[in-house]
Amino acid sequence: MNRKKGSRGLRSEEGLRKSRTRKRKNVFNPNLTESSSESFSTSAKKLKNNNELIVSEDSSVEYQMCWWETPWAKIFPLRLLLRLGAEYRYYPCPLVSVRFRNALYFEIGHTVMKVLADFRNFGYTLPGVRGLTIHLKNRTTDVMFPRNRYDQVIKGLHNSNDHVLAYASNFSITADSHLVCIQTNTGDESSYQTQAINIHNKPRTVTGASFIVINGALKSSLGLSAKSSIVEDGLMVEIMPEKMEALKAALKNMQDFSIGCGRQGALEPDEVVNIKWVDNDMLFNLR
């Protein structure tokens, strides 16, 4: 028997309309919802080191950032914190956030960090070693690696290229001053300058640095055994290629290493950079 399609009214009269199941509306009931205290807290963080530990909200400090400062907060947050301390005269950084303040950094411009970090996709940055501190004194610089961070040192060593070795350091609680990177705008160009902040009414004896870059492409024709200079808020050390190979071997074997900077054949170096392995880093929360 052949059926002919009829109008909607005809199908409804003949009972040919298909029954449709209607979805029941869900009414929101706040008494039945589940909530997590961690999801509403932006300062509660989990520290994973063998045992998972939740850091209390009272132990963290939050700052309001400007849009131009976001790359530094992702790539190199220590630079931004120390810059805030220099701006508002607090060492090492202020304890409260200043609303509606002006940005302290602008377009990235010409900085050594553009070679060491990815500011476009944030894919990589200079390797950090937890507990690493850099102390600058009169004619001596101490780069101190904790012994229990050997795996992080070797990881940064494997990820480096043949001529450049870089590490990001931490804020040193034993230093009484620290290098700060200041960005200034003059016309269409921006430049980075180095300043230092220190504890109020206390003489500067030990100055901390935020990173170290060791360049193993120094030419012997310059007549220098090694060269050390302050770049922005860190330290740049230039050595010869054979010295770089000896340094990498010392790091792999967890041995101390010394670099004398100055003219070749001099009786005493102008400056000495000591790379040391020190006691274990214990400045973290333990259960």
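Reply: Let us begin with burial: a residue is called buried when its relative accessible area is under 20%, exposed when that area is over 50%, and partly exposed in between, with a 1.4 Å probe and protein chains only. By this rule, 36% of the 287 residues of the chain count as buried. Please keep in mind that this is a predicted model, in which local features need pLDDT of at least 70 and side-chain atom pairs count only at pLDDT 80 or more, while totals for chains, interfaces and linings use all residues. Residues are numbered from 1 along each chain as its sequence is written, and side-chain values use heavy atoms, with hydrogens and water left out.

Me: What is the mean pLDDT of the chain, and over which residues does pLDDT stay under 50?

Reply: The term pLDDT stands for the predictor's confidence in each residue, on a scale from 0 to 100. Here the mean over the chain is 81, and 77% of the residues reach 70 or more.

Me: How many helices and strands does the chain have?

Reply: Helices (H or I, at least four residues) and strands (E, at least two) are taken as DSSP runs and numbered from the N terminus. The chain comes to six helices and 13 strands. As for how the chain contacts itself, 64% of the contacts with a separation of 6 or more are accounted for by residues 24 or more positions apart.

Me: How should I describe two helices that pack together, and at what angle do α5 and α6 cross?

Reply: Two packed helices are described by the angle between their axes and the distance between the axes. The axes are lines fitted to C-alpha atoms, for helices over the stretch in contact, and the angles run from 0 to 180 degrees between N-to-C directions. In this model the axes of α5 (residues 150–159) and α6 (residues 241–252) come within 10 Å and cross at roughly 150°. The two helices are therefore roughly antiparallel to each other, given that angles over 145 degrees count as roughly antiparallel, those under 35 as roughly parallel, 65 to 115 as roughly perpendicular and the rest as oblique.

Me: Which residues make the contact between α5 and α6?

Reply: On the α5 side the contact is made by Y150, V153, I154 and L157, and on the α6 side by K248, L251 and K252. Sorted by class, these are five nonpolar, no polar and two charged residues, where Ala, Val, Leu, Ile, Met, Phe, Trp, Tyr, Cys and Pro count as nonpolar, Asp, Glu, Lys and Arg as charged, and the others, Gly among them, as polar.

Me: Is L165 buried or exposed, and what does L165 touch?

Reply: L165 is found in strand β5 (residues 164–168) and, at 1% relative accessibility, counts as buried. Leaving out residues up to four places away in sequence, L165 touches G156, L157, S160, I212, V213, I214, M244, L247 and L251. The C-alpha atoms of L165 and I214 are 5.1 Å apart in space, although the two residues are 49 apart in sequence.

Me: Where does R83 lie, and is R83 buried or exposed?

Reply: R83 lies in helix α3 (residues 77–88) and counts as buried at 8% relative accessibility. Neighbours within four places aside, R83 is in contact with L104, Y105, V180, C181 and I182.

Notes. Contact = heavy atoms within 4.5 Å.
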